[in-house]
Amino acid sequence: MNKRSLVSITDYSKEDILEVLRIASEFEKNPNRNLLEGKVVASLFFEPSTRTRLSFETAINRMGGRIVGFSDASSSSTTKGESLKDTTKMVDNYCDLIVMRHPLEGAARFASEVASVPVINAGDGANQHPTQTMLDLYSIYKTQGTLENLNIFMVGDLKYGRTVHSLLQAMSYFNPTFHFISPKELEMPDAYKMFLDNLHIPYYEHRELDEVINEADILYMTRVQRERFADPLEYEKVKNVYILKNAMLAGTKPNMRILHPLPRVNEIDEDVDENEKAYYFQQALNGVYTRQAIIFKALDLKW
Amino acid sequence: MTAKKELQVSAVENGTVIDHIPANKLFDVINILGIQNSENTVTFGYNLNSGKLGKKAIIKISDKFLCDEEINKLALVAPSAKINIIKDFEVVEKKTVQVPSHVEGIVKCVNPKCITNHQRVRTKFDVVGSSPIVLKCHYCEKLTDQEHIVII
């Protein structure tokens, strides 16, 4: 693998994370910088993801780069049976950086081994989505002024939600305390609890979304996805259990902020949107600055 | 009087004997070591009585001396196996199976959505647990545990 790729959040050390956050705050001050002038970025979306693609393409455009690529596999030669290896090798000849979204897990890691240019993983199935994690970290850093010693509450689908798993791994550098609120069927997998145990990071599990959130610095909400359930009856049982309403925020800390990777369905009531503690729309904007910073680092750009 | 045990599989003059293979793992061992493509003389016994394993298997390969890397592949299917290196009908060296730190191209990833199960990508794992064995896929990062290990 070429060492500048970002495939998994674990590719970044604590120092790498802090460096990207510093660069992101520079881009936030002034997002329009012609640092990618004369460079071509390949945006290969083998499955549609409008939100992530637009965020990346905005980041690239604001840096003056050019984009080639496709937004779903039906408009690529994959439909003719071309392998990922061949597509990657072909595109590698044309561009300076590859941004890749793929439905198969491990696709970006494989592409990073085949390509000579850096590969940024924009999501590989249910596995990793490290730029989402970095924008979550940037949002936490910006709203709390630090990543250290925070009470992080994660709510909803903690079993299949890749964003919570990656965030948990990344936050483990910063002495956090975790609280997991989920139904039994969707609780945090043992592998991640063992990961925390090994690092002596405290965590608490709850079944109810109630006053326990008054201790939170960050309330990270996730969507319970219908497609995760083999049995539709199980989905019906849990889908409405964890809905955050404005009235529930009365006793929460002043610095507390609500994050959500979006799209939301009904897990955050719309009456929360006007509360100053609702941060999920700014969070999405932070994704542009964070992706600018990740590209900056991947290409070893200079100001 | 010392009763010499009758050998159930005839002796080799020079080569490698892999003993104490659980009987139901014989064909996995053959597969992992690529014995089916070997030009050497190979004899094996299947469903032999064993005090320890109940039914065991044994493989004797003439004029071939397995290296440590080959032996360690056996950790995935037959960690109980014992390897004897034979010269002039005598055991000159005994080896046991050590769990390797990486495994490449032998095991199938348990995750149906892993790229290695859809495209021609050689599987690679880090061994993250040794007893029982747990493999972490280098690509999809999912864990494959001992009971789900399938040899390609």
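Two strands pair if DSSP finds at least two bridges between them. Helices (H or I, at least four residues) and strands (E, at least two) are DSSP runs, numbered from the N terminus. The legends below concern a predicted model, in which local features need pLDDT of at least 70 and side-chain atom pairs count only at pLDDT 80 or more, while totals for chains, interfaces and linings use all residues. Residues are numbered from 1 along each chain as its sequence is written, and chains are lettered from A and ligands numbered from 1 in the order in which they are written.

**View 1. Strand E3 of chain A and its two partners.**
Strand E3 (residues 97-102) of chain A pairs in the parallel sense with strand E1 (residues 40-45) of chain A over 5 bridges. In this pairing, Arg101(A) of E3(A) is the bridge partner of Phe45(A). E3(A) is also joined by 4 bridges to strand E4 (residues 119-124) of chain A, and these two run parallel. Here Asn121(A) in E4(A) is the bridge partner of Met100(A). E3(A), H4(A) and E4(A) make a right-handed β-α-β unit; a crossover is right-handed if, with the strands pointing away from the viewer, the path from the first strand over the helix to the second runs clockwise.

**View 2. The side chains of strand E3 of chain A.**
In a regular strand the side chains alternate between the two faces of the sheet. Leu97(A), Val99(A) and Arg101(A) point one way from E3(A), whereas Ile98(A), Met100(A) and His102(A) point the other way. Because 6 of the 6 residues of E3(A) are buried, the strand is largely enclosed by the rest of the structure. A residue is buried if 20 or more other C-beta atoms lie within 10 Å of its own, exposed if 12 or fewer, and partly exposed in between, with C-beta atoms placed from the backbone.

**View 3. The five-stranded sheet of chain A.**
An open sheet of 5 strands has the order E7-E6-E5-E8-E9 (chain A), with parallel pairing. Strand E7 (203-206) and strand E9 (257-259) of chain A are the edge strands, each pairing on one side only. Strand E5 (residues 151-155) and strand E8 (residues 218-221) of chain A run parallel and are joined by 4 bridges. Phe153(A) stands opposite Leu219(A) in E8(A).

**View 4. The surroundings of Arg228(A).**
Arg228(A) is found in the loop between E8 and helix H8 (232-238) of chain A. Arg228(A) counts as partly exposed because it has 16 C-beta neighbours inside 10 Å. Not counting residues up to four places away in sequence, Arg228(A) touches Asp157(A) and Tyr160(A); two residues are in contact if their C-beta atoms, placed from the backbone, lie within 7 Å. The C-alpha atoms of Arg228(A) and Lys159(A) are separated by 9.6 Å, although these residues are 69 residues apart along the chain.

**View 5. The contact between chain A and chain B.**
This contact takes 12 residues from chain A and 15 residues from chain B. Helix H4 (residues 107-114) of chain A gives the most to the side of chain A that touches chain B, with 3 residues.

**View 6. The two domains of chain B.**
Chain B is divided into domain 1 (15-96) and domain 2 (102-151), with bounds that come from an automatic or database domain assignment. Taken over C-alpha atoms, the centres of domain 1 and domain 2 of chain B are separated by 24 Å. Their contact takes 7 residues from domain 1 of chain B and 6 residues from domain 2 of chain B.
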